[in-house]
Amino acid sequence: LVVLFAISPYQVERINLDGGQLDQAHFMQRQLMYLAAGIVAFGAASTIPLDFWKKHASKLLLLGIGSCVLLSFLGLFIKQGIVYESGGAVRWFNLGVASFQPAELLKFGVLLFTATFLGRRIAQGKVNSLHDTLIPIAVVVGIASLLIIVFQKDMGTGITMFGTVATMLFLSGLNKRYITTVIGAVVAAGVLLIITSPHRIARVLTFLNPTDNTDAASYHIGQAAIAIGSGGFNGKGLGEAVQAFGYLPEALNDSIFAVLGETFGFIGLVVIMSIFVAMLVRLLKINERLPDPTLRMMSAGIIGLIMTHFLVNIGAMTGIFPLTGVTLPFLS
């Protein structure tokens, strides 16, 4: 919240020059609102019996698929209004006071469905059955990938979904031969999705040649590297960062890790990453203690979701992975 407050002035000024009427603390206030909404959601979720999620997992999956199909259908005819296009992709419903991305609902539906499905197969001793377990999951993930990655052109959300399902499969006790097969299938699918999309090819080429500053992706990666590098060991301190003020794209969102690096330096980033790792270790310990296989798979899905966001976002900001639109949980 403090970092958002420190870098808000430029972001607010840029919007106000385009006719906006935002307060200087707008982005911190908005993050506070999201924090309050999150706390309320945590409280509400804690009152819902866990059997509710088991019972309605398939319905949530179908609701996610249906909302994505509706979005894609409306996107053929409407480019603004209830459905709007951004960057050549139709990914959101415009609800007036807020926007809604149905891919997030679908991702949650895939997580719950896969958890309940794997939980039953573990109880039946069929987790390593190709026909009873792996093929049905592959069909569900394939349909979700078609809607998210192909129709909505959202590779980032697709990657986090793959990471979520892969973590559940790994922690379910799947044998090594099938794990290798799953990894190979995911890599093959990823390559196919990249080579059939010009903008994804461009991002991979940028990743392979990051010093080429002829496109937006290479500029983004370059500015992130400058931000992290200029933070040095101790960081420049609050209010002293430069890159967030007009140089680094998406400073409040996908690029917040680079802003934190410039502000708090190497020490600050190590502390932030250590907190994430500690949380993931804690979640793994909880996972080990759960007696119900379905609940174990649900917690495994949450571990995979947070871990994938964490690794992909930081990897993109440090040049380890190609640039993708994946946020850093709790901070972006």
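Reader: Why does Phe 330 count as exposed?

Author: The model is a predicted one. Exposed means over 50% relative accessible area, and Phe 330 has 57% relative accessibility, so Phe 330 counts as exposed. The residue is placed in the segment after helix H11, which covers residues 293–317.

Reader: Why is Lys 153 called partly exposed?

Author: Its relative accessible area is 40%. Buried requires a value under 20% and exposed a value over 50%, with partly exposed in between. The 40% of Lys 153 falls in that middle range, and Lys 153 is therefore partly exposed.

Reader: What makes Gly 265 a buried residue?

Author: The relative accessibility of Gly 265 is 0%, which is under the 20% limit, so Gly 265 counts as buried. Gly 265 lies in helix H10. Leaving aside neighbours within four places in sequence, Gly 265 is in contact with Gly 231, Gly 232, Phe 233, Asn 234, Gly 235 and Leu 260.

Reader: How far is Gly 265 from Glu 13?

Author: The two residues are 252 residues apart in sequence, and their C-alpha atoms are 26 Å apart in space.

Reader: How do you know whether Gly 268 is buried or exposed?

Author: Gly 268 has a relative accessible area of 12%; this is under 20%, and Gly 268 is therefore buried. Gly 268 is found in helix H10, residues 256–289. The C-alpha atom of Gly 268 is separated by 7.4 Å from that of Asn 234, a residue 34 positions away along the chain.

Reader: Why is Gln 243 described as buried?

Author: A relative accessible area of 8% is under the 20% cut-off, so Gln 243 is buried. Gln 243 sits in the loop between helix H9 (216–230) and H10.

Reader: What makes the pairing of Gln 243 with Gln 223 a polar contact?

Author: The side chains of the two residues make this contact at 2.5 Å. A polar contact requires a pair of N or O atoms within 3.5 Å, one able to donate a hydrogen and the other to accept it. The distance of 2.5 Å is within that limit. Leaving aside neighbours within four places in sequence, Gln 243 is in contact with residues including Ile 226, Ala 227, Leu 248 and Glu 262.

Reader: How many helices and strands does the protein chain have?

Author: The protein chain has eleven helices and three strands. In sequence order, the pattern is α-α-α-β-β-β-α-α-α-α-α-α-α-α.

Reader: What share of the residues counts as buried?

Author: Of the 332 residues, 41% count as buried. Gly 265 is one of the buried residues.

Notes
Residues are numbered from 1 along each chain as its sequence is written. This is a predicted model: local features need pLDDT of at least 70, side-chain atom pairs count only at pLDDT 80 or more; totals for chains, interfaces and linings use all residues. Side-chain values use heavy atoms; hydrogens and water are left out. Helices (H or I, at least four residues) and strands (E, at least two) are DSSP runs, numbered from the N terminus. Buried means under 20% relative accessible area, exposed over 50%, partly exposed in between (1.4 Å probe, protein chains only). Contact means heavy atoms within 4.5 Å.
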